[in-house]
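Hi everyone, thanks for coming. Please have a look at it first.

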Amino acid sequence: MSRLLIGILMALPFLEIAGFVVIGGRIGLGLTLLWLLAVGMLGMALIRHGGLNALTKLQTALNEQREPGHSLIDGAVMVTAGLLLIVPGFVSDFLALILILPVTRNLLLRHAATHFETRIYRSGGAPRGSHTVIEGEFEIIEPEDDLAPDRPTRRLERPDDPL
């Protein structure tokens, strides 16, 4: 799977150039530039809206103590589609369209869910802000000189030490 993705990424610039030649030759320079400008602006709006929407869904899922995985992957797919729309070219626009469509996005999400293991760790019943403090005293015991004559003794300095 990763070799296929690397192959697609390496071939993408050549496919984009071929798309410009073929499609740009048919619709003309003006419409090609207008298309690229409009789709780039749509990509920026999709990144902004998709990213903020994903953050809102993530916060809601965490507040309700639900699994946030679907909203994270959905947001990442929408931001990826927005980035593909910003990249100039017709092939990347087609790939972004595939990611934006709900049918293919849900298919992709189901496929991705099979590769991830999700665990939710929840804390115990203690409410936030409550801390347990255990107070106590300690004493440093120095080794006896006759038991360990070769070991140098050291005394730890403490601010409350009367010596």
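The chain exposes about 13,500 Å², and carbon and sulfur atoms supply 66% of that area. Accessible areas here come from the Shrake-Rupley method with a 1.4 Å probe, and for residues only the protein chains shown count as cover.

A quick word on the source: this is a predicted model, where local features need pLDDT of at least 70, side-chain atom pairs count only at pLDDT 80 or more, and totals for chains, interfaces and linings use all residues. Residues are numbered from 1 along each chain as its sequence is written, and side-chain values use heavy atoms, with hydrogens and water left out.

How much of the chain is buried? Of its 163 residues, 21% are buried, where buried means under 20% relative accessible area, exposed means over 50%, and partly exposed is in between (1.4 Å probe, protein chains only).

Now the overall layout. The chain has five helices and zero strands; helices (H or I, at least four residues) and strands (E, at least two) are DSSP runs, numbered from the N terminus. As for contacts, meaning heavy atoms within 4.5 Å, residues 24 or more positions apart account for 55% of those with a separation of 6 or more.

Let's begin with α1. Its 26 residues should span 38 Å at 1.5 Å a residue, and its end C-alpha atoms are 35 Å apart, which agrees; the expected span is 1.5 Å times one less than the number of residues. Where does α1 bend? Look at Leu12: the helix bends there by about 40°, and a proline, Pro13, follows within four residues. The bend is the angle between axes fitted to the seven residues ending at a residue and the seven starting there. Leu12 is also buried, as are Glu16, Gly19 and Gly24 in α1. The buried residues of this helix pack against α2 and α4. Just after α1 comes Gly28, with a positive phi of about 95°.

Next, the aromatic rings. Rings of Phe, Tyr and Trp (its six-membered ring) pair if their centres lie within 6.5 Å; planes under 30 degrees apart count as stacked, over 60 as edge-to-face and the rest as tilted. That rule gives two aromatic pairs. Phe20 is partly exposed at 28% relative accessible area, while Phe90 counts as buried because its relative accessibility is 12%. Trp35 and Phe90 are stacked, because their ring centres are 6.4 Å apart and their planes are at 25°. Here too distant parts are linked: Trp35 sits in helix α2, 55 residues from Phe90. Together, Phe20, Trp35 and Phe90 form one aromatic cluster.

Finally, α3 and a residue that touches it. Among the buried residues of α3 are Val77, Ala81 and Leu84, and its buried residues pack against α2, α4 and α5. Over in helix α4 we find Leu99, which counts as buried at 17% relative accessibility. Which residues does Leu99 contact, leaving aside neighbours within four places in sequence? They are Val77, Thr80, Ala81, Leu84, Thr104, Arg105 and Leu108. Leu99 and Thr80 are 19 residues apart in sequence, with their C-alpha atoms 8.1 Å apart in space.
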